[in-house]
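Me: I have a structure open and would like to learn how to read it feature by feature. Where do we begin?

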Amino acid sequence: MIRRTPSPTLPRSVGKGVFRPLSRAVGEVRGGGVTRRNLLTTATALLATPSLARAQAAPRVVVIGGGFGGATAARFVHRADPRIEVTLVEANADFTACPFSNEVIAGFRDIAGQRFTYRAIAADGVRLVNAEATAVDPAARRVTLGDGTVLAYDRLILSPGIDIVWGALPGYDEAAADRMPHAWKAGAQTLLLRRQLEAMPDGGVVVISAPANPYRCPPGPYERASLIAAWLKANRPRSKLLLLDAKDAFSKQKLFQAAWAQLYPGLLEWVSLSDGGKVTRVDPASNTFETDFGSHKADVGNVIPQQRAGRIAALAGVVDRTGWCPIDPVTFESKLQPNIHVVGDAAIAGAMPKSAFAANAQAKVCADAVALLLAGSAPAEPRLINTCYSLVAPGYGISVAGVYRPLNGLLTDIEGAGGTSPLNATAAQRTQEAEYADAWFKTITHEVFG
């Protein structure tokens, strides 16, 4: 039988535009436990349980990518029906999480807290293959690995994350990243940017360039700027941070700007697209950012570049001309290739942003749909939830949440069902939001990797 979780009830805040109770529903670590009102379990639309038809061979599901999307999908397909043979293909032996990596850059967190293994997933009954997927044959339903091994599948789930579009910003190639790190994939680049900050003299300038949409983690550049500013304020007080932006508006803008005015006056400057913030070229040799209005020399330069779906998605034929993957919002099946599903950052998910929370929620819906499709049943229309937490300083959190439904082939906001942190929140409320963020990270990493 296909296993299903009990039908959830949405948090009380959904439909009221008030975020604080919705944040609490994510789960908080207090008194030694995580509350049952956990937003992570509400992301899947649930149906009555059908019986899996008898078959000569067990259905085979291959999942490529072991991040929040892929690892979740692998575990939840297996849990939906343990008779499905689930194989998770991931080139890396462990996983380094991007959420909270900005704290590592700013020296408020050790990178060891970002690293997770796949041991629990393997122990859960998922076959783990540490190899790179190098080719997909959609017609034959086969995945080829770097060592020549071929894996057959009935359904394929891709969660390849992002790749950097090298050269999209003139002057920024792979070699340039050694001088001007992007740190948009957690790991070595995170630590490189951290070391550069530590080596910067007091009175130096940090320059961050933020790209146009879409990209992984929309509020990420602004959280990064905030936390680096917090470190500068405490350790390099005569320094300045310049945030050059290819946009005029960004996620949680009012909340960020109010916090910047309060915490970092004269230290952090945001330059919008209209004010000449779009970077048109970089020179890694001189650490210079060029715009149509002039140039800015940095002591530490952080380029957040243009991105696209991870390479295996293009090899599988599920990427369109935007560089991302169009999907059916009910099943996350590719609109370009049958029997292939795409979740996480690589997917074109309409109003739903590219975030770890979103990847986890999408993977649960996708896993449920795959199990039902293999059983010959049709999935119902889902409701998905996303929450984005950001830290503006240690102990100072802000957040935004949304609830989404399929409409006209895309995931669309349900009006009035989400909300943001109050603009006039008290210091205690900001601290509480930071605690919610920490609780969410502990909850999701335990659920996926624990």
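Predicted model: local features only at pLDDT ≥ 70, side-chain atom pairs only at ≥ 80, totals over all residues.

Me: Which side chain does E269 meet in a salt bridge?

Reply: Start with the general idea. Side chains of opposite charge can pair when their charged atoms come close. Here the partner is K240, with N to O at 2.8 Å. The pair links distant parts of the chain: K240 sits in strand β14 (residues 240–245) and E269 in strand β15 (residues 268–271), 29 residues apart. K240 is partly exposed, at 32% relative accessible area.

Me: How many salt bridges does a search of the whole structure find?

Reply: The search finds 15. One of them joins E333 and R155, at 3.3 Å from N to O. This pair also links distant parts of the chain, 178 residues apart. E333 lies in the loop between β21 (325–326) and β22 (340–342), while R155 lies in strand β11 (residues 155–158).

Me: Are E333 and R155 buried or exposed?

Reply: Apply the cut-off of under 20% for buried. E333 has 18% relative accessibility, so it counts as buried. R155 has 12%, so it is buried as well.

Me: Which residue forms a salt bridge with D438?

Reply: K442 does, with the closest N and O atoms 3.1 Å apart. Both residues lie in helix α10 (residues 427–449). They are four residues apart, about one turn of the helix. An α-helix has 3.6 residues a turn, so residues three or four places apart point the same way. D438 is partly exposed at 25% relative accessibility, and K442 is partly exposed at 43%.

Me: Which residues are linked with R75 in a network of salt bridges?

Reply: R79 and D124 are linked with R75 in that network.

Me: Next, helices. Which residues of α7 are buried?

Reply: Helix α7 covers residues 253–263, and its buried residues are Q253, L255, F256, A259, W260 and L263. Look down the helix axis. The buried residues of α7 fall within an arc of 165°, so they line one face of the helix. The face turned away from the buried side carries the exposed residues K254, A261 and Q262.

Me: On to strands. What should I keep in mind about their side chains?

Reply: In a regular strand the side chains alternate between the two faces of the sheet. Now take β16 (residues 279–283) and β17 (residues 288–291). They pair in the antiparallel sense over four bridges. R281 stands opposite E290 in β17.

Me: What is the phi of N287?

Reply: Phi of N287 is near 55°, a positive value in a residue other than glycine. N287 is in the loop between β16 and β17. Its relative accessible area is 1%, so N287 is buried. N339 is another case to inspect, with a positive phi near 70°. N339 lies in the loop between β21 and β22. At 13% relative accessible area, N339 is buried.

Me: What kind of peptide bond joins N213 and P214?

Reply: A cis peptide bond, with omega about 0°. P214 lies in the loop between β13 (205–210) and α6 (220–235).

Me: Finally, pockets. How much space lies in the second largest pocket?

Reply: The general idea is simple. Rolling a probe the size of a water molecule over the atoms shows where empty space is left. The second largest pocket holds about 350 Å³. Its lining has 20 residues, of which P211, A212, A246, P305 and Q306 lie nearest the centre. The lining divides into 13 nonpolar, six polar and one charged residue.

Me: How many residues apart along the chain are G167 and P305?

Reply: They are 138 residues apart, yet their C-alpha atoms are separated by 9.2 Å. G167 lies in the loop between β12 (162–164) and α5 (188–199). At 47% relative accessibility, G167 counts as partly exposed.

Methods:
Residues numbered from 1 in each chain as written. Heavy atoms only, no water. Buried < 20%, exposed > 50% of the residue type's maximum accessible area, 1.4 Å probe, protein only. Helix = DSSP H or I, 4+ residues; strand = E, 2+ residues; numbered from the N terminus. Arc of directions from axis to C-beta. Pairing = 2+ DSSP bridges. 1 Å grid on protein atoms, 1.4 Å probe; cavity = no way out; pocket = protein on both sides within 12 Å on 5 of 7 lines; lining within 4 Å. Points joined across faces, edges and corners; volume = space filled by probe spheres on them. Nonpolar A, V, L, I, M, F, W, Y, C, P; charged D, E, K, R; others polar. Salt bridge = Lys/Arg side-chain N within 4 Å of Asp/Glu carboxyl O.
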